[in-house]
Amino acid sequence: MSEEQLSEEQFHQMALDKLETGTIAPNRSPTHYTRAILLLPGAVDFAAIQRDFPQFFRDQGDILQIAVDKGIDKADQLNGVDYWLGDFDSSVHLQVDSSKYSAKIPYPADKNETDTELALSLVKACGVSEVLLIGGIGGRIDHQMALLFYPLQYSSLQFYHSDGRQSFYYLQPKKCYHIPAKAASLVSVIALTDLTGLTLTNVQWPLTDYVLPLGRGLTYSNRAITSTIEPAITAEISAGNAWLYLSIPEQDDSL
């Protein structure tokens with residue numbers, strides 16, 4: 001049976017089987033990965049991302065690197081990736097040298113999962129605990145909303161998402177996050193569910209053990225008041241699901 005004749009489930013299982021047997025990316029062991037980078041379509045400031053998320057660039061040996069469809073256009077920034085994955089509908093006109101990836105994993109265009117979901121399934125299968133999504137900010141609203149809700153499906157992963165100017169930090173309950181931020185950066189807490197125990201410091205309007213009902217706009221458009229002495233904002237929730245959104249001071253696309 002050719003790859004074109006395989007069902008969606010068979011495609012996915014084929015990719016997982018190749019991961020487990022080491023027949024893709026043969027020079028690296030999947031059990032060694034602790035973090036993952038997903039390259040998504042869209043313009044990014046790669047230098048800023050490397051500065052803000054250094055843990056994903058210090059030791060490339062334990063970083064699983066996946067380009068999702070047109071995200072392959074950023075593979076040079078990583079000196080190539082382990083896998084290039086997707087239905088390739090947005091990259092059909094790209095000329096991509098095979099040296100940019102160790103393995104190409106095709107999926108049919110008509111499927112139940114998005115390309116990013118399929119990539120996250122491979123990330124999870126490799127035992128990764130933290131994932132950085134690079135790109136994918138802006139463009140179609142439905143795609144952007146899907147990215148915001150993936151942590152609810154992949155709850156074992158710590159998510160970060162950035163294009164270098166705007167960044168998202170997924171807040172897991174009962175963890176305290178210290179997030180470096182320039183003074184006057186825009187700070188918003190985007191709740192995906194009701195939140196309890198929301199604490200936010202080093203911002204213009206701090207919160208302590210706050211109960212935030214889903215849909216309330218109180219936590220949008222805050223401002224960082226960080227300094228050389230206190231260079232990071234802190235955020236914590238006791239229950240619920242949320243993103244902390246951080247935008248550099250120069251970025252102001254308010255409606």
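Colleague: How many helices and strands does the protein have?
Modeller: The secondary structure comes to four helices and 14 strands. Helices (H or I, at least four residues) and strands (E, at least two) are DSSP runs, numbered from the N terminus. This is a predicted model: local features need pLDDT of at least 70, side-chain atom pairs count only at pLDDT 80 or more, and totals for chains, interfaces and linings use all residues. Residues are numbered from 1 along each chain as its sequence is written, and side-chain values use heavy atoms, with hydrogens and water left out.
Colleague: What share of the residues is buried?
Modeller: Of the 255 residues in the protein, 51% are buried. Buried means under 20% relative accessible area, exposed over 50%, and partly exposed in between (1.4 Å probe, protein chains only).
Colleague: Let us turn to Val-92. Where is Val-92 placed?
Modeller: Val-92 lies in the loop between strand E3 (81-86) and strand E4 (101-106).
Colleague: Why does Val-92 count as exposed?
Modeller: Val-92 counts as exposed because its relative accessible area is 57%.
Colleague: And how far apart are Val-92 and Lys-70 in space?
Modeller: From C-alpha to C-alpha, Val-92 and Lys-70 are 8.4 Å apart, and they are 22 residues apart in sequence.
Colleague: Now for another residue. Which helix holds Ile-141?
Modeller: Ile-141 belongs to helix H4 (residues 141-153).
Colleague: Is Ile-141 buried or exposed?
Modeller: Ile-141 is exposed, because its relative accessibility is 62%.
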